[in-house]
Amino acid sequence: MNAEILTIVGVGVALGGLIYTSIARLENRLDVRISALESRIGELRERMAHLEGLLEGLREAITRRAAS
């Protein structure tokens, strides 16, 4: 009976370790992907700000000509 209990505990510890390492790897992969997404979102914000500036300049150019 004692050997059976040790075997069950050993399997439980091994499964716990396996689950822990799997979760740690998943967490690392998610961190990398989230960082990449944050970087891409930052780049998109910069590009949108540039486009907004161009559109504002175009809007001003059109309205000034129409008013003249």
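This is a short chat about the predicted model shown above.

Reader: Where does helix H1 run?

Author: Helix H1 covers residues 2–67. Ile-23 is one of the residues in it.

Reader: What box do the C-alpha atoms fill?

Author: Roughly 100 × 15 × 5 Å, along the principal axes.

Reader: And how many of the 68 residues count as buried?

Author: The buried share is 0%.

Reader: Which residues form the nonpolar patch on the surface?

Author: Val-11, Leu-15, Leu-18, Ile-19 and Ile-23. Together they have about 480 Å² of accessible area.

Reader: Switching to charges. How many positive and negative side chains?

Author: There are 9 positive and 9 negative. The centres of the two sets lie 9 Å apart.

Reader: How many salt bridges does the structure hold?

Author: Two. Side chains of opposite charge can pair when their charged atoms come close.

Reader: Start with Arg-59. Which side chain does it meet?

Author: Arg-59 meets Glu-56 in a salt bridge, at 2.6 Å from N to O.

Reader: How are Arg-59 and Glu-56 placed in helix H1?

Author: They are three residues apart, so about one helical turn separates them.

Reader: What's the accessibility of Arg-59? And of Glu-56?

Author: Arg-59 has 47% relative accessibility, so it counts as partly exposed. Glu-56 is also partly exposed, with a relative accessible area of 36%.

Reader: Now Glu-60. What does it form a salt bridge with?

Author: Arg-64 is the partner. The closest N and O atoms are 3.9 Å apart, and the cut-off for a salt bridge is within 4 Å.

Reader: How many residues apart are Glu-60 and Arg-64?

Author: Four, about one turn of the helix. Both residues lie in helix H1.

Reader: Is Arg-64 buried or exposed? What about Glu-60?

Author: Arg-64 is exposed, at 58% relative accessible area. Glu-60 counts as partly exposed, with 34% relative accessibility. The cut-off for exposed is over 50%.

Note on methods
Residues numbered from 1 in each chain as written. Predicted model: local features only at pLDDT ≥ 70, side-chain atom pairs only at ≥ 80, totals over all residues. Heavy atoms only, no water. Buried < 20%, exposed > 50% of the residue type's maximum accessible area, 1.4 Å probe, protein only. Lys, Arg positive; Asp, Glu negative; His and termini not counted. Charge placed at Lys NZ, Arg CZ, Asp CG, Glu CD. Patch = residues over 30% accessible without salt bridge, like charges linked within 9 Å, V, L, I, M, F, W, Y side chains within 5 Å. Areas by Shrake-Rupley, 256 points an atom, 1.4 Å probe, with all protein chains shown as cover. Helix = DSSP H or I, 4+ residues; strand = E, 2+ residues; numbered from the N terminus.
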